[in-house]
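The structure comes first, followed by the notes on it.

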Amino acid sequence: MDPQVRDLMELLAGSGLQRLAELTPDEAREQIERFARELPPSSEVGRRENVTIEGPGGPLGLRVLTPQGTGPFPVLLYLHGGGWVTGGLDAAESPARTLAVGADCVAVCVDYRLAPEHPFPAALDDVNAALQWIDSHREKLDGDDQPPAIAGNSAGGNLAAGAVLQARDRDERLPACQVLICPITDHEFESPSMRDNGEGLLLERGDLRWCWEHYLSREEDAESIYACPLRAVDLSRLPPTLVITAELDPLRDQGEVYARCLREAGIAARAHRYPGMIHGFIDFPEALDAAGVALEEAAAELRAAWGLAMAPG
């Protein structure tokens, strides 16, 4: 364990952080919202705007973060984590701001519907609606003509991967690239990283079971490749992919195997494991140096996909 992670774990333990598996969905949401409010300000953007669009389940909230400077800019759809049960626009904002500045792009966060009130595929339907809206409203966003990119953390990474698979299968325009950060890619609990890292860290195996139990209303939904992208037989015709994993994350193997399967299907995909890190580490850039490095790597991947020059420094 990285010494900075050890210090962070001690700090979180002293703050009264409770396990997801010990909470109701409402209690878990309140806890996440409380921590999101306590996060320090992140990268400064030029404009921050909340937009409401028509989603498949009713009004769908977006938060649009536009970098400083003169557009048009490429556009990124960023999806928060939280096990499909918790999280929202505030939880997404800090990493999205950092990516907007680092990749010189408009970052759009989505307030997708949460389980168990809205089980699979509600959140995925919202993500797809947001992706299509972004692609057809580029001028409103001061966006350029390039395909938007998509990125997500944890459950957000799962939704990003599922949305890309659906776009391919529907013959829709594919994102320029996908950046999956500590993603959930399968409904499994017995991989080596699950066994080695499933107890005593920020995310436990029991927490993941709790998330899946709330997200899936039917056991057979776990067979859907849009819920479990790693179960897809055909991973061809997908965009370039960066998978960021953490050494001490129970989800580490899922992300790394997904990247390997993409490469075997001929996709330009790579996985980068951050040693000594835990699940969700990118949400703590003030405490973990590796979080800033990982977000810089993600921004560089986005810039490369859009053909932009590397940022100074």
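## Cysteines

A residue counts as buried when its relative accessible area is under 20%, as exposed when the value is over 50%, and as partly exposed in between. The model is predicted, and the values below are computed from it. Cys 177 has a relative accessible area of 1%, so Cys 177 is buried. The cysteine sulfur closest to that of Cys 177 belongs to Cys 105, at 9.7 Å. A disulfide requires a pair of cysteine sulfur atoms within 2.5 Å, so the distance between Cys 177 and Cys 105 is too far for a bond.

By this rule the number of disulfides is 0. Cys 211 is likewise in no disulfide, and the nearest cysteine sulfur, in Cys 228, is 13 Å away. With a relative accessible area of 3%, Cys 211 is buried.

## Cis peptide bonds

Which residues does a cis peptide bond with an omega of about 5° join? The two are Ala 115 and Pro 116. Pro 116 sits in the loop that runs between strand S4 (106-110) and helix H4 (122-136).

Phe 120 and Pro 121 are also joined by a cis peptide bond, with omega about 10°. Pro 121 has its place in the loop between S4 and H4.

## Positive phi angles

Asp 142 is not a glycine, yet its phi is positive, at about 60°. This residue is part of the loop between H4 and strand S5 (149-153). Its relative accessibility is 29%, which means that Asp 142 counts as partly exposed, given that this class spans the values between the 20% and 50% limits.

Arg 237, also not a glycine, has a positive phi of about 55°. Arg 237 is located in the loop between helix H7 (205-215) and strand S7 (241-246).

Searching the whole structure gives 1 cavity of 30 Å³ or more. The volume of the largest cavity is about 40 Å³.

Which residues line the largest cavity? They are Leu 131, Gln 132, Asp 135, Pro 148, Arg 173, Leu 174 and Pro 175. Sorted by class, the lining of the largest cavity consists of 4 nonpolar, 1 polar and 2 charged residues.

Note on methods:
Residues are numbered from 1 along each chain as its sequence is written. This is a predicted model: local features need pLDDT of at least 70, side-chain atom pairs count only at pLDDT 80 or more; totals for chains, interfaces and linings use all residues. Side-chain values use heavy atoms; hydrogens and water are left out. Helices (H or I, at least four residues) and strands (E, at least two) are DSSP runs, numbered from the N terminus. Buried means under 20% relative accessible area, exposed over 50%, partly exposed in between (1.4 Å probe, protein chains only). On a 1 Å grid over the protein atoms alone, a cavity is a set of points where a 1.4 Å probe fits but cannot get out, and a pocket is an open set with protein on both sides within 12 Å along at least five of seven lines; lining residues have an atom within 4 Å of a point. Grid points are joined across faces, edges and corners, and a volume is the space filled by probe spheres set on the points. Ala, Val, Leu, Ile, Met, Phe, Trp, Tyr, Cys and Pro count as nonpolar, Asp, Glu, Lys and Arg as charged, and the others, Gly among them, as polar.
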